[in-house]
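Please examine the sequence and the structure shown here before reading on.

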Amino acid sequence: ENFCMDKEIKKEKLIKFAKSVLADPEHSGELKKLFARLSLTEDIAIQTYLNYDLDIFAYENEIYESLPMRLVLYMHNILQGSWHIERQQFLFDLVKKHSPKTLADLGFGIPGKYVKEYVLKEKCRTTLLDCFPSALQFAKELLTLWDGNWNKLIELREYNMDNLESPGQFEGYIFWDSIEHTKNPTKYLQMITKTSPKNATFFFSIPIGPPVPVHFMSWESEAIAESWLKDNGLQVISRRTVRPNPQVDLFADCFTEPFYNLIVDCKKN
């Protein structure tokens with residue numbers, strides 16, 4: 001049975017959402033500056049937005065190589081009503097709760113709310129790591145708009161989790177929709193729990209539900225995800241879940257089973 005929304009209806013809705021972000025008075029000025037700095041246009045942004053959300057089963061991780069894709073990820077983070085708003089808030093709350101002095105964000109994708117509201121305000125030394133140069137290029141321009149002195153606190157580093165190398169010593173490690181994109185998530189988690197400081201905190205957003213092509217691992221339930229963390233050296237401190245908003249987060253419309261995120265903060269066992 002096909003559960004998906006009609007493709008033409010979905011297209012129309014996605015275009016409407018993309019345009020609503022571009023016109024949002026809170027962000028439109030910043031977005032215009034980003035378009036200019038990145039030599040991108042609104043048309044490219046809308047088309048990329050469409051490609052990304054229309055059918056998440058139609059592409060693999062290479063989609064993240066493109067610079068317009070980074071802009072689209074940022075648009076998702078600021079789209080009114082999207083689950084990304086809630087997820088960003090949860091990460092900010094968790095980081096603030098633990099107040100690390102140093103942070104590593106592995107496969108960061110784009111700088112999130114916690115970077116703007118915690119890292120830059122609390123002067124937390126942070127390394128943003130990603131395997132795609134597009135992530136670093138986009139981050140550089142966005143961070144410059146947020147704070148001209150960002151590079152005194154934040155390092156941008158090209159880094160591939162597939163190589164299973166330690167990123168270094170930090171008080172906090174963030175995996176926000178990232179560890180499932182590396183080829184061997186379990187080996188990576190074992191390496192990072194072994195090589196990190198004994199009092200380090202770990203922040204995860206883990207997808208619960210059916211597998212998708214851009215992920216190398218899937219967790220069928222929260223219990224399975226929590227067991228996986230525990231088996232690999234971590235103890236969950238607190239947990240919460242965030243579900244896509246069916247009115248807005250249309251990428252999830254074709255799932256025949258529930259798909260959502262488990263958000264946890266952990267300490268080493």
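## A buried tyrosine and its partner

In this predicted model, Tyr173 has a relative accessible area of 1% and is therefore buried, since a residue counts as buried when this value is under 20%. Phe170 has a relative accessible area of 9%, so Phe170 is buried by the cut-off of 20% as well.

How are the rings of Phe170 and Tyr173 oriented in their aromatic pair? The arrangement is edge-to-face, with 85 degrees between the planes and 5.8 Å from centre to centre. Phe170 and Tyr173 also belong to one aromatic cluster together with Phe202.

Phe175 and Phe204 form an aromatic pair of the stacked kind. Their planes are 10 degrees apart, and the distance is 5.1 Å centre to centre. Both Phe175 and Phe204 are buried.

Which parts of the chain does this pair tie together? Phe175 belongs to strand 4 (residues 172-176), whereas Phe204 belongs to strand 5 (residues 201-208), so the pair ties together parts that are 29 residues apart in sequence. The structure holds six aromatic pairs, among them Phe170 with Tyr173 and Phe175 with Phe204.

Definitions and conventions. Residues are numbered from 1 along each chain as its sequence is written. This is a predicted model: local features need pLDDT of at least 70, side-chain atom pairs count only at pLDDT 80 or more; totals for chains, interfaces and linings use all residues. Side-chain values use heavy atoms; hydrogens and water are left out. Rings of Phe, Tyr and Trp (its six-membered ring) pair if their centres lie within 6.5 Å; planes under 30 degrees apart count as stacked, over 60 as edge-to-face and the rest as tilted. Buried means under 20% relative accessible area, exposed over 50%, partly exposed in between (1.4 Å probe, protein chains only). Helices (H or I, at least four residues) and strands (E, at least two) are DSSP runs, numbered from the N terminus.
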